Amino acid sequence: MGRRCTARGSGRRRAGRVGGGLAALLAGLLVTGCAAFDTDDDVRRARELAAELYPGELEVVDARILFPETTGSEVTLSVEDDPDAAVRFRVDAGKDRCDGGPDCTDALREAVDRARREARDLRAMREAFDGCGHPVLAADEKLTAPWIEARVSDGTLDEVLARAGACAQRWVTARAEQGPKEVPGWVTVNFAAPGTAEDLPAAKKRLPTVLRLTHGPRLAALAGKAYYVAAYPVGEDAGHTVDAASARLRIVSPLAERQAFSRRIDASVLPALRATYPEAVTSGGAGMGVWRLEPGTVRRMRGYVLFCERAPADGERCPGDLAALVTSDPRGGDAEVVDVLTDIRDERGVLRLPPQ
C-alpha cells in the first residue's frame, strides 16, 4: 500500500480554511514526491488488534484514507466464519485512536458486533426475496430497501405489487423473529427493469457480500435511470401483515429528468390555475417533491404544485402560499388540478401539506 506521507499532518482543517489548506497540502505532497496518502500504518494497527482480539478470525480486505481528513483510514476486514459480514472501523495509528475514541479494543469489538448484525439482516432480506423468485440485485447501505427486477406496467402492476408484497411479508416475518424492534412500519422495495443485473458494476469478489450488494458504483448505476419504488404498510397485528393492496408506488428519476418534469408541470398547470387566479405564478421546482403514481396505473401521477395568487411585489421568488393538488402524466404534461389548498403554512411559515 506504499509509505505514509508525513506531509499528511494532523487534525481536521476548519471549514473556512479547507480550500487554502488543501491546496497547500497537495502542493507539499508534489514537492516531496508523494502523490497520494497511504493506509499502511493504520492497516498494520488494525491487523494487530485483530490478532489480539480475534486470532485467526479476521482478515483485512480493504482500506481507504478518510479524505479530506488528514489522518486515519477506514479499514475493512472479513470474518472467517461469515462471508457476508464486513467489519468496518476507523483507525488512526498515529494518534492511537479508533472510531474517534481512544479505546481501539472496544471500537473493534463494536465493529465486529455491528458487522454480524448487518450480515444477519442481509441474509434475512436475501432469503425472503431470493426464496420467492426475486433475487436481490443490491440494497441501500442501511439494508432497508432491496433492489429486484420486475416489469412494471399497467398490465403487470397488480401482479408485481402482489408478488413483491409476498416477498416483503417473508422478510418482515423473519425480522419479527429477531425481535419486535426489528419490525418496520413500512417496507420499501425498488424495482429495476428486467435484464438490469447483466450490466451492473460488480465489486471485487473477495469482498464480503454486504459490501458487494451495497457497492457504490452498483447503486449509482441502478439509480442512473428512472425506477419504481413501492412502499408497503406493515400492520400492527400479531402477524405483522404487509398490506400489498395499499402499496404506494412512485417513480424516482435522475436529477435532469426531475428538472425537466418540473418545467413541464409548471407550464402545464398554469393555464388551469389562471382560470381562477389570473395572475398566478408557481414557485418552481414542483417535480423535486414527492409525486406518487395513482393507484392501479403507471400512467398518471399525483403531487403538489406550490403557487402564489400573484407575483411578489418586491420581485422576490414566489414562496408558495397556495398549493394545487395535481395529476399529470409521468412526463409532466396533461395536468389536471384536483384541488387548491389555501391554509398550507403554520404560524412560523413552515409548510404543512396533507398526503396526496
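Visitor: Among the contacts with a separation of 6 or more, what share comes from residues 24 or more positions apart?

Guide: The model is a predicted one, and the chain in it has 7 helices and 14 strands. Counting the contacts in the chain that have a separation of 6 or more, the share from residues 24 or more positions apart is 61%.

Visitor: How much of the chain counts as buried?

Guide: The accessible surface of the chain comes to about 18,900 Å², and 50% of that area belongs to carbon and sulfur atoms. A residue is called buried when its relative accessible area is under 20%, and of the 356 residues the share that counts as buried is 42%.

Visitor: Which element gives the largest share of the largest nonpolar core?

Guide: The largest nonpolar core has 54 residues, and F129, F191, Y232, L249 and I265 are those with the most contacts inside it. Elements that give two or more residues to this core include α3 (104-131), α4 (157-178), β7 (186-192) and β8 (227-233). The largest share, 8 residues, comes from α4.

Visitor: Which residues does F191 contact, leaving aside its neighbours within four places in sequence?

Guide: F191 belongs to the residues with the most contacts inside the largest core. With neighbours within four places in sequence left aside, its contacts are I148, A150, V152, V160, L161, A164, Y227, Y228, A230, Y232 and L249.

Visitor: How many residues are in the other core, the one that includes V75 and V79?

Guide: This core lies apart from the largest one, and among its residues are V75, V79, V87 and V112. The number of residues in it is 24.

Visitor: What kind of aromatic pair do F129 and W171 form?

Guide: A search of the whole structure finds 4 aromatic pairs. F129 lies in helix α3 and W171 in helix α4, so their pair ties together parts that are 42 residues apart in sequence. F129 is buried at 0% relative accessibility, and W171 is likewise buried at 1%. The ring centres are 5.9 Å apart with 70 degrees between the planes, and an angle over 60 degrees counts as edge-to-face.

Visitor: And what kind of pair do W147 and Y227 form?

Guide: W147 in strand β6 (residues 146-149) and Y227 in strand β8 are 80 residues apart, and their pair links distant parts of the chain. W147 counts as buried at 5% relative accessibility, as does Y227 at 13%. With 4.4 Å centre to centre and 50 degrees between the planes, the pair is tilted.

Visitor: How far from the centre of the W171 ring is the charged end of R175?

Guide: W171 is buried, at 1% relative accessibility. The charged end of R175 sits over the ring of W171, and its distance from the ring centre is 4.7 Å.

Visitor: Which residues are joined with R348 into one network of salt bridges?

Guide: R348 forms a salt bridge with D346, the closest N and O atoms being 3.5 Å apart, and another with E347 at 3.6 Å. D346 is buried, with a relative accessible area of 18%, whereas R348 is exposed, with 60%. Through salt bridges that share partners, R348 is joined into one network with D346, E347 and R352.

Terms used:
Residues numbered from 1 in each chain as written. Predicted model: local features only at pLDDT ≥ 70, side-chain atom pairs only at ≥ 80, totals over all residues. Heavy atoms only, no water. Salt bridge = Lys/Arg side-chain N within 4 Å of Asp/Glu carboxyl O. Buried < 20%, exposed > 50% of the residue type's maximum accessible area, 1.4 Å probe, protein only. Core = buried A, V, L, I, M, F, W, Y, C linked by side-chain atoms within 4.5 Å. Helix = DSSP H or I, 4+ residues; strand = E, 2+ residues; numbered from the N terminus. Contact = heavy atoms within 4.5 Å. Areas by Shrake-Rupley, 256 points an atom, 1.4 Å probe, with all protein chains shown as cover. Phe/Tyr/Trp six-rings, centres within 6.5 Å; stacked < 30°, edge-to-face > 60°. Lys NZ or Arg CZ within 6 Å of the ring centre and 35° of its normal.
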